[in-house]
Amino acid sequence: MNNFVFPRPRQSELGEQLRAEVREFLDGWHGDRHAAAAFGGFDPEFSKALGARGWIGMGFPKRYGGGGYGLLERYVVLEELLAARAPIFAHSVADRQSGPLLLKFGNERQRDDILPRIAAGECYFCIGMSEPDSGSDLASVRTRATKVDGGWLVNGAKIWTSSAHRSHYMILLCRTAPVAEARHAGLSQFLVDMKTRGITCRPIVNIAGDHDFNEVHLQDVFLPADALIGVEGEGWQQVTSELALERSGPERFMSHQGAVEEFAVALKQQRSAEGARTLGRLVAHLSILRRMSRSIATMIADGQEPALHAALVKDLGTCFEQDIPETLRLVLQTEPEAGASEAYSAALANVILHAPSCTIRGGTKEVLRGIVAKSLGLR
Amino acid sequence: MSDDMRDMLHESALRIFADNPPDLWAVLQGAGFDKALLAESKGGAGVSWADACGLLGLAGEHAAAVPLAEAMVGHWLAERAGVEDATLPTIAFSTHPEQIRLARARDGWRVDGTLPRVPWGRTCTHVAFILGPGTTAQLVVLARDAAGVSVTPGHNLAGEPRDTLLLDGVVPQAVVPAPFDAGALLAVGAIVRSALMAGAIERALGLAVEYANLRVQFGRPIGKFQAVQQNIAVLATQAAAARVAAEAGTEAIDDWLAGKGEPLTQSIAAASAKIRTGEAAGQACAISHQVFGAIGFTEEHDLHRFTKRLWSWRDECGNEAYWSLALGERILAGDTKQTLWRTLAPAASGAATGVAK
Ligand SMILES: Cc1cc2nc3c(=O)[nH]c(=O)nc-3n(C[C@H](O)[C@H](O)[C@H](O)COP(=O)(O)OP(=O)(O)OC[C@H]3O[C@@H](n4cnc5c(N)ncnc54)[C@H](O)[C@@H]3O)c2cc1C
């Protein structure tokens, strides 16, 4: 029965030393805190400053620009950045999944060329998975790479590609062989320079009024042979391992932490038993999610691939996040207004407008629950 | 204790619960599980609280109708009070200190008042409890057959005895300065309940999965229907969170007793345990009953042995609302310049979330 044992998280001494350093750095940093949705802020200077401190690509070996840290230390830095609502969106995809993907499956040239730049906070990535007709059913992607002299020719379209308009590279998932009996076969991943001819990016504005995601068209895009990542035809296995990284981190339950902080500040002025009770409950959820997430980080640091645990914690974490505005608004009443001078009202507006996306991006909650149900032997 | 010893203890408890002999309690006592928390020199097994709560998880998973949790904590307190003849000590986790008075008479102590809803009050040999705040707190142990003790029977939804003890000038068997106050004992009780609940929730999940694969409607097992799968997946996530919450709580007890962590009454992990398992319990009961349809609503079926315990335990030793308020007030009372996050994740120590150094 015990499919879901979460081992006791291991604490890293080095990580705890880093925590103090990161806090000191953040206390001395007076840039713009994104109103409430952490990792919403895109700030190249900030990314560079983090890179200079060795706080990006922390799990990379030293020869690729890593600082000799492990994933447990990386976790500490990341949760501190998220808690402070620091603008980490520029480098966060590269740090979280594209870099580790290249480290694991990339060829030597890709690693040599790109990992040090990621670690310096100067190289940003976007994820080219979803397509207009392929969302949850990711294996149905139709973008195709055809073998040509010296490389590949890519045709197709990607959508919802976050930061495509300001990223240096995309990790592209596409078909390299016709759909066969096994639907998951015949997919491959490529490293795509976003400046390559034939790539066009059209902005899509989200309900919060922000331009984060995009539609990306790829028309006769030529990729050199060595743009292939890993093994031709094994894109599905690779993308699954990438998704475990995408799903397991603290950004899956901390992106609305800013609103909870503002709520706590406002409560101190306006004490009530209901407010204290609400805060206590949120803290309990947060502390248990954090323990589960740190347990996953420990498993990953030990070389395991806890994809199932990641799906489960993402479901719990994103439902928790999504529920935050619903909980807060009934306790401290205000009319939410984006950008309002009253910090709590602005934060509430921000999380209300972002909440729907929590349980969609990175795999919908229905899809995640399907994965959990399957592991229980229900399908 | 070595890992081998721990595994052996766990295995042997599992075998006993699975066998479920008619004299289950006598068998558990015979094997010394009630005294597991005592040092080996005191006739115990010297297990940590984490290990003890692992055993309680098994008790919850088997809906064992025995006072194991109470006796474990009871022996641990009785030993501290120097009471050696207790064969079934239980605990009164009184949350109503105003209902009870301890006074010094010329010839010793007297206790008057009411101890409400004492687990297994009618069958215990002794009751241990803590009175008074902070450093003036006293640990009191009464013999249940002492003059002046009368028992009004009651029970929780699962039929476990929760008896009210009326005390009329009772001479306690022991009164010693308490090593911690009543608030800390209530937190221990809440964490112990969390451990039991985590086990019962896991069983509710196991039963639901098993049934969903067996019960056929519309020509296929109901577990093939996505609506059913989604509900059971939610139950699984709740079971996982409950287990992690209970473990965090038990580690907070171990850290506190080892002088590593903060006082139990300040620990976020300690308060979170009951809040999180309590919430999980509500969802687990609702979903598992839904999966079972009408058959699960019958007296005859096993499911209610688990769900009734969950519905009872979540309200014992403080429910989610009680602990949420306590935790929220503690946080709001802290340094006003400190962010919530830095209270939750204090620098240079993971103790607040129950993570050992
Ligand atoms: C803010 C944001 C940023 C994103 N960034 C990126 C990015 O950078 N790169 C990228 O590749 N993608 C990105 N995505 C896309 C994201 O991965 C998809 O939205 C997601 O996988 C769901 O696909 P869909 O939107 O097409 O919904 P659909 O798959 O069409 O699903 C619609 C609804 O149907 C349900 N559904 C679908 N299939 C099933 C099924 N089998 N069983 C039960 N229910 C089902 C879904 O759960 C959902 O509720 C982003 C999305 C958002 C919201």
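**Where the pieces meet**

Author: In domain 2 of chain B, 13 residues are in contact with 12 residues of domain 3 of chain B, contact meaning heavy atoms within 4.5 Å. The model is predicted, so to speak of local features a pLDDT of at least 70 is needed and side-chain atom pairs count only at pLDDT 80 or more, while totals for chains, interfaces and linings use all residues. Residues are numbered from 1 along each chain as its sequence is written, chains are lettered from A and ligands numbered from 1 in the order in which they are written, and side-chain values use heavy atoms, with hydrogens and water left out.

Chain B is divided into domain 1 (1-64), domain 2 (86-179) and domain 3 (182-336); such bounds come from an automatic or database domain assignment. Between the C-alpha centres of domain 2 of chain B and domain 3 of chain B there are 28 Å. The two domains bury about 1000 Å² between them, with 63% of that on carbon and sulfur atoms. Phe93(B), Ile130(B) and Leu157(B) are the residues of domain 2 of chain B that lose the most area to domain 3 of chain B, together 46% of what that side buries. Buried area is the accessible area (1.4 Å probe) that two parts lose on being put together, summed over both. The size of an interface is often given in this way, as the accessible area lost when the parts come together.

A salt bridge is a side-chain nitrogen of Lys or Arg within 4 Å of a carboxyl oxygen of Asp or Glu. By that rule, 2 salt bridges are counted between domain 2 of chain B and domain 3 of chain B. Glu160(B) and Arg309(B) form a salt bridge in which the closest N and O atoms are 3.3 Å apart.

Chain A can be read in the same terms. Its domains are domain 1 (2-123), domain 2 (127-237) and domain 3 (249-375). Domain 1 of chain A and domain 3 of chain A have C-alpha centres 21 Å apart. Contact joins 26 residues of domain 1 of chain A to 37 residues of domain 3 of chain A, and about 2800 Å² is buried between these domains, 62% of it on carbon and sulfur atoms. Of the area that domain 1 of chain A buries here, 24% is supplied by Phe4(A), Phe6(A) and Tyr75(A), more than by any other three residues. The rule finds 5 salt bridges across this interface. Arg85(A) and Glu262(A) have side chains that meet in a salt bridge (3.3 Å, N to O).

The two chains also meet each other. Here 57 residues of chain B are in contact with 51 residues of chain A. The buried area is about 4800 Å², and carbon and sulfur atoms give 64% of it. Leu332(B), Leu340(B) and Trp341(B) supply 17% of what chain B buries against chain A, more than any other three residues. There are 4 salt bridges across the interface of the chains. Glu251(B) forms a salt bridge with Arg8(A), where the closest N and O atoms are 3.2 Å apart.

Last, the ligand lies between chains A and B. It is surrounded by 15 residues, the closest being Ser130(A), Ser136(A), Trp160(A), Thr364(A) and Gln226(B); a residue is near a molecule or strand if one of its heavy atoms lies within 4 Å of it. In the side chain of Ser136(A), an N or O atom is 2.6 Å from an oxygen atom of the ligand. Ser162(A) has a polar side-chain atom 2.8 Å from a nitrogen atom of the ligand, and Glu366(A) has a polar side-chain atom 2.8 Å from an oxygen atom of the ligand.

How values were computed:
Polar contact = N/O pair within 3.5 Å; in protein donor to acceptor, adjacent residues only side chain to side chain.
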